[in-house]
Amino acid sequence: MPDEHRLYVNQTPENALAWAREVGLATLNVVEAILANAAAEKQGVNAIFALKKVLRKHTKYELEKACQTVLDVTKRPTVSLIKTALKTNQKRAEEEQQQRAEDNHHTYGFTRGAAYYGGRANDE
């Protein structure tokens, strides 16, 4: 059987739970909730498969943090809520990084150069 086909055949609730345990406790809780709330087992497994694809762009740490954020808000987490939390967390991290860069830019040293005091700015 081709690898792509085996990938779909191996998608079972047991494999999903094992994967979630490797990521973290919040992810495990989300996966359990998705499986419990799904109308059909296949729907839950497909949702978790979509959640696994998130790791192509994000780290396990980021996924775990997003899952925890969603669990803090609702008892019925969805993949779309987790993706939204990931985007929000990423945007917040970028803003914090930009703020730190701006703070580092304002190192208060000499604010006036030699030209201000009558000296030459560049030696000739």
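Colleague: In this predicted model, which residues of α5 does α2 meet?

Modeller: The model is predicted, so side-chain atom pairs count only at pLDDT 80 or more. On the α2 side, the residues in contact are W19, E22 and V23. By class, this contact has three nonpolar, no polar and three charged residues. The partners in α5 are K60, L63 and E64.

Colleague: Which element gives the most residues to the largest nonpolar core?

Modeller: This core has 20 residues, of which W19, V31, L51, L63 and I82 touch the most other members. The elements that give two or more residues to the core are α2, α3 (25-37), α4 (41-53), α5 and α6 (79-105). The element that gives the most, with five residues, is α3.

Colleague: What does V31 touch, leaving aside its neighbours within four places in sequence?

Modeller: V31 is among the core residues that touch the most other members, and V31 is also one of the buried residues of α3. With those neighbours left aside, the residues in contact with V31 are A16, L17, W19, A20, I48 and L51.

Colleague: Is T27 buried or exposed?

Modeller: T27 is found in helix α3. Not counting residues up to four places away in sequence, T27 touches W19, A20, L63, E64 and C67. Buried means under 20% relative accessible area. Because the relative accessibility of T27 is 0%, this residue counts as buried.

Colleague: What distance separates the end C-alpha atoms of α3?

Modeller: Helix α3 has 13 residues, and at 1.5 Å a residue it should span 18 Å. The expected span uses one less than the number of residues. The model agrees with this expectation, since the end C-alpha atoms are separated by 18 Å.

Colleague: Where does L71 lie, and is L71 buried or partly exposed?

Modeller: L71 lies in helix α5. Leaving aside neighbours within four places in sequence, L71 is in contact with A26, N29, V30 and P77. A residue is buried under 20% and exposed over 50% relative accessible area. With a value of 24%, L71 is therefore partly exposed.

Technical notes. Residues numbered from 1 in each chain as written. Predicted model: local features only at pLDDT ≥ 70, side-chain atom pairs only at ≥ 80, totals over all residues. Heavy atoms only, no water. Contact = heavy atoms within 4.5 Å. Helix = DSSP H or I, 4+ residues; strand = E, 2+ residues; numbered from the N terminus. Nonpolar A, V, L, I, M, F, W, Y, C, P; charged D, E, K, R; others polar. Core = buried A, V, L, I, M, F, W, Y, C linked by side-chain atoms within 4.5 Å. Buried < 20%, exposed > 50% of the residue type's maximum accessible area, 1.4 Å probe, protein only.
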